[in-house]
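Subject: Handing over a model

Hello,

Here is the structure I said I would pass on. My notes follow it.

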Amino acid sequence: MKYAILADIHANLEALNVCLEATRGVDGYICPGDIVGYGPNPNECVEIIRGLKSKIVAGNHDRVVAGQLDINAFSREAASAAEWTRKIITGINLKYLEELPEYIEDNDFEMVHGSLRDPLEEYISSISEGIPTIELMKKKLCLVGHLHIPLVITKEPKSEYDGWQLADGDVVKTSEFDKTIINVGSVGQPRDMDSRASFGIYDTAAKTIEIRKVVYNISAVQEKMRKSDLPDFLVERLSFGR
Ligand code: ZN
């Protein structure tokens with residue numbers, strides 16, 4: 001089976017559409033959370049992901065918009081975008097967000113948005129931050145989102161930990177490691193200084209995950225964000241991928 005992994009879409013319809021085009025023909029979709037927040041098209045993005053019948057977990061932004069997580073933990077800009085999203089999200093889409101699980105276990109992997117210790121809010125950005133999750137892992141592979149930077153944390157059979165950032169075209173062979181945590185980066189708001197939309201291709205037979213990056217129409221998204229009075233900081237950062 002080949003899956004497209006689409007994380008941290010953040011209501012960026014242009015980026016999502018380009019990723020879907022680039023992954024046409026895959027057998028399924030996996031979404032490590034944060035469909036909404038920051039961007040101008042939450043309803044359209046939720047409807048697409050619902051239609052794909054993805055394997056999916058909730059992100060912190062999905063939970064804040066659904067009123068299940070305290071908005072006070074957010075930065076001013078993130079809170080303002082979440083409040084805007086709450087005003088325009090439809091009842092059926094809100095219900096979908098409310099009912100998303102925080103953790104799923106599949107045949108070959110398990111998945112959370114943040115970490116296995118704290119599924120919604122903890123970032124895994126380094127080897128030391130990955131170790132507690134590796135210790136809790138039931139499967140050989142754990143997919144995460146939240147950081148918006150593609151990276152891998154591994155544990156080798158001899159108990160050695162390693163971790164590194166991933167770039168376009170990098171392939172991780174998960175069978176080489178005892179445990180692997182992978183973040184494929186963000187579709188809708190990348191933060192690795194590369195403004196392209198980031199996603200992963202997971203081949204369950206080959207046990208590989210490849211990072212891919214695609215160009216999308218950033219200025220079209222920015223124009224919609226300005227018209228919707230979304231915070232300037234959120235508009236600008238898309239140009240730089242930070
Ligand atoms: Zn996010």
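**Helix 1 and its cap**

Asn12 caps the N-terminal end of helix 1, with a side-chain oxygen 3.5 Å from the backbone nitrogen of Glu14. Helices (H or I, at least four residues) and strands (E, at least two) are DSSP runs, numbered from the N terminus. This is a predicted model: local features need pLDDT of at least 70, side-chain atom pairs count only at pLDDT 80 or more, and totals for chains, interfaces and linings use all residues. Residues are numbered from 1 along each chain as its sequence is written, and side-chain values use heavy atoms, with hydrogens and water left out.

Helix 1 covers residues 13–22, and Leu13, Glu14, Ala15, Leu16, Cys19 and Leu20 are buried in it. Buried means under 20% relative accessible area, exposed over 50%, and partly exposed in between (1.4 Å probe, protein chains only). The cover over these buried residues includes strand 2 (28–31), helix 2, strand 11 (197–203), strand 12 and helix 7 (218–227). Contact here means heavy atoms within 4.5 Å.

**Helix 2 against helix 5**

The axes of helix 2 (residues 42–52) and helix 5 (residues 91–98) come within 10 Å and cross at roughly 60 degrees. That makes helix 2 oblique to helix 5. Axes are lines fitted to C-alpha atoms, for helices over the stretch in contact, and angles run from 0 to 180 degrees between N-to-C directions. Angles under 35 degrees count as roughly parallel, over 145 as roughly antiparallel, 65 to 115 as roughly perpendicular and the rest as oblique.

From helix 2, Asn43, Val46, Glu47, Ile49 and Arg50 meet Ile92, Asn93, Tyr96 and Leu97 of helix 5. By class, this contact has five nonpolar, two polar and two charged residues. Ala, Val, Leu, Ile, Met, Phe, Trp, Tyr, Cys and Pro count as nonpolar, Asp, Glu, Lys and Arg as charged, and the others, Gly among them, as polar.

Ile35 sits in the loop between strand 2 and helix 2. Ile35 is buried, at 0% relative accessible area. Beyond four places in sequence, its contacts include Val46, Ile49, Tyr96 and Leu97.

Lys213 is in strand 12 (residues 208–214). Lys213 is buried, with a relative accessible area of 7%. Its side chain makes a polar contact of 2.5 Å with that of Asp192. A polar contact is a pair of N or O atoms within 3.5 Å; within protein, one must be able to donate a hydrogen and the other to accept it, and residues adjacent in sequence count only if both atoms are side-chain atoms.

Lys213 also touches Arg196, among others. Arg196 lies in the loop between strand 10 and strand 11. Arg196 is partly exposed, at 26%. A polar contact of 3.4 Å joins the side chains of Arg196 and Asp168. Lys213 touches Asp168 as well.

**Two positive phi values**

His148 has a phi near 70 degrees, positive in a residue other than glycine. His148 is in the loop between strand 6 and strand 7, and is buried at 2%. Asp229 has a positive phi of about 60 degrees, and is not a glycine either. Asp229 is in the loop between helix 7 and helix 8 (232–240). At 68% relative accessibility, Asp229 counts as exposed.

Best wishes
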